[in-house]
Amino acid sequence: LIKGKRLTASEVRLSANISSQYITALMLIAPSLTHGLRLQLEGKITSVPYIEMTLSLLHQIGVDATFSGQHIQVFPKKDIAQATHAVESDWSSASYYFSMIALSKDADITLSTYKKHSLQGDKVLMDIYEPLGVNSMIKNNTLYLQKQALDSKPIQLDLSDAPDIAQTIVVTCYGLGVACDL
């Protein structure tokens with residue numbers, strides 16, 4: 001049995017270097033709170049693109065919200081109109097297809113529902129995998145992946161905005177015999 005209570009807090013402090021999922025969850029419930037919610041983020045913020053993606057969604061549904069420095073403010077909104085939105089495919093999941101192409105001798109794959117101007121941080125896959133032998137392009141919300149020549153120079157990456165793809169990149173580099181520093 002779960003007995004809830006009305007949330008009355010209007011400010012929350014939380015560590016920002018663990019996961020953006022906690023921040024996103026709080027941002028999504030904030031418009032339903034009487035006074036909205038102010039988030040004070042402490043430490044280095046991990047996965048900023050995911051916070052910006054949540055902010056964009058809130059704006060699309062008419063919620064006033066801001067993100068500046070270490071502060072997020074989401075204002076209350078009593079009536080949010082019902083709407084239908086097309087959901088973009090997950091770029092983290094696409095990492096496995098990038099890896100398959102990179103590790104193949106000759107291959108091409110087509111994936112649907114990807115945006116050319118995606119807010120997802122993992123879209124950096126397109127740039128990261130180019131020297132690893134994957135040519136990629138988006139046309140009409142379709143992602144095309146094709147095998148190309150490998151550039152076997154070592155790669156060095158900062159994945160603080162896209163941590164979910166690190167493991168896939170490491171495995172790809174190992175399989176290709178390419179040194180990487182993440």
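Student: How many bridges join β6 to strand β7?

Tutor: The model is a predicted one, and in it β6 and β7, the latter spanning residues 142–147, run antiparallel.

Student: Which strands stand at the edges of the open sheet of three strands?

Tutor: The order in this open sheet is β5-β7-β6, and the pairing is antiparallel. An edge strand has a single partner, so one of its sides is left without a neighbour in the sheet. That applies to the strand at residues 108–112 and to the one at residues 134–139, which are β5 and β6.

Student: What angle does the direction of helix α3 make with that of β7?

Tutor: Within the sheet, neighbouring strands are turned against each other by 15° on average, with direction ignored. Helix α3, residues 91–103, packs on this sheet and touches β5, β6 and β7. Its direction and that of β7 make an angle of about 25°.

Student: Which residue in the turn between β3 and β4 has a positive phi?

Tutor: Strand β3 (residues 65–68) and strand β4 (residues 71–74) pair in the antiparallel sense over four bridges, and A65 has V74 as its bridge partner in β4. The two strands form a hairpin with two residues between them. The turn residue with a positive phi, of about 60°, is G69.

Student: How far does helix α2 reach from its first C-alpha to its last, and which residue with a positive phi follows the helix?

Tutor: Helix α2 covers residues 48–60, which makes 13 residues, and at 1.5 Å a residue the expected reach is 18 Å. The reach in the model is close to that expectation, at 18 Å. The residue that follows, with a positive phi near 90°, is G62.

Student: Is S47 buried or exposed?

Tutor: S47 is placed in the loop between β2 (37–42) and α2. Leaving aside neighbours within four places in sequence, S47 is in contact with S20, S160, D161 and P163. The relative accessibility of S47 is 6%, and because buried means under 20%, S47 counts as buried.

Student: Which element supplies the largest share of the lining of the largest pocket?

Tutor: The largest pocket has a volume of about 510 Å³ and is lined by 18 residues, with M53, L57, A86, V87 and E88 nearest its centre. Both α1 and α2 supply at least two residues of this lining. The largest share, six residues, comes from α2.

Student: Is A86 buried or exposed?

Tutor: A86 is placed in the loop between β4 and α3, and is among the residues lying nearest the centre of the largest pocket. Its relative accessible area is 70%, and because the cut-off for exposed is over 50%, A86 is exposed.

Terms used. Residues are numbered from 1 along each chain as its sequence is written. This is a predicted model: local features need pLDDT of at least 70, side-chain atom pairs count only at pLDDT 80 or more; totals for chains, interfaces and linings use all residues. Side-chain values use heavy atoms; hydrogens and water are left out. Two strands pair if DSSP finds at least two bridges between them. Axes are lines fitted to C-alpha atoms, for helices over the stretch in contact, and angles run from 0 to 180 degrees between N-to-C directions. Contact means heavy atoms within 4.5 Å. The expected span of a helix is 1.5 Å times one less than its number of residues. On a 1 Å grid over the protein atoms alone, a cavity is a set of points where a 1.4 Å probe fits but cannot get out, and a pocket is an open set with protein on both sides within 12 Å along at least five of seven lines; lining residues have an atom within 4 Å of a point. Grid points are joined across faces, edges and corners, and a volume is the space filled by probe spheres set on the points. Buried means under 20% relative accessible area, exposed over 50%, partly exposed in between (1.4 Å probe, protein chains only).
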